[in-house]
Amino acid sequence: IGRTPVRQAIDRLMIDGLIEVLPRKGIVVRPISLDETLQINEVRLVNEVHSVRRAAEQASASDVALLDDNLKRMRNAARKREVESMMALDREFHALLARGSRNLVLAELLRNLHERSLRLWFISLRADDQHKRVCDQHGAIVEAIRKHDPEQAADAMRVHIQSFIDNIVRQI
């Protein structure tokens, strides 16, 4: 691999706030900060609640089928305590919701927030009961979308993100 792709990767990680480049010292991974965690999730609350409302209003049968399939696979991964699979399925779930909003700008914003939250998801899923809790919360969101109930979907998303915040705060 050449220098250009490595430089591009470093630039991307720096833009995403995951590393710091220290002149004449090297590159270090930025530590997880409680303030930054709370700020990211404050923005997630506002935007994901709006996104899931829109998704509930506009959900097609195929959108709900994709969410159901994701939830089924997530419950299976949770039973087996497969943290990496759970993380991937959690990202996929939130991406499906963002795409369901039918707003590409909002979906891109949420994708960036989820990427910044990835390290936090790994920490969050270390808690024993968090696996089941996440599945149950996702199930509540899917049911609200199935019923085309934007307020119920928004409430379920608020509960989900607040539970995530509470779990992270306990573990940091």
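A search of the whole structure, which is a predicted model, finds zero aromatic pairs.

| Helix pair | Angle between axes | Distance between axes |
|---|---|---|
| α4 (residues 83–100) and α6 (residues 130–146) | about 20 degrees | 12 Å |
| α4 and α5 (residues 104–124) | about 160 degrees | 10 Å |

With an angle of about 20 degrees to α6, α4 is therefore roughly parallel to that helix, and α4 passes α6 in a left-handed crossing. On the α4 side this contact is made by V83, M86, D90, F93, H94 and L97, and on the α6 side by H131, V134, H138, I141, V142 and I145. By class, the residues of the contact of α4 with α6 divide into eight nonpolar, three polar and one charged.

The packing of α4 with α5 has an angle of about 160 degrees, and the two helices are therefore roughly antiparallel to each other, with a right-handed crossing. Here α4 contributes V83, M87, D90, R91, H94, A98 and R99, while α5 contributes A107, L110, H114, E115, L118, W121 and F122. The contact of α4 with α5 comprises eight nonpolar, two polar and four charged residues.

Among the α4 residues, V83, D90 and H94 take part in the contact with α6 and also in the contact with α5.

Note on methods
Residues numbered from 1 in each chain as written. Predicted model: local features only at pLDDT ≥ 70, side-chain atom pairs only at ≥ 80, totals over all residues. Heavy atoms only, no water. Axes fitted to C-alpha atoms, helices over the stretch in contact; angles between N-to-C directions. Helix = DSSP H or I, 4+ residues; strand = E, 2+ residues; numbered from the N terminus. Parallel < 35°, antiparallel > 145°, perpendicular 65-115°, else oblique. Left-handed = near helix turned anticlockwise from the far one by under 90°. Contact = heavy atoms within 4.5 Å. Nonpolar A, V, L, I, M, F, W, Y, C, P; charged D, E, K, R; others polar. Phe/Tyr/Trp six-rings, centres within 6.5 Å; stacked < 30°, edge-to-face > 60°.
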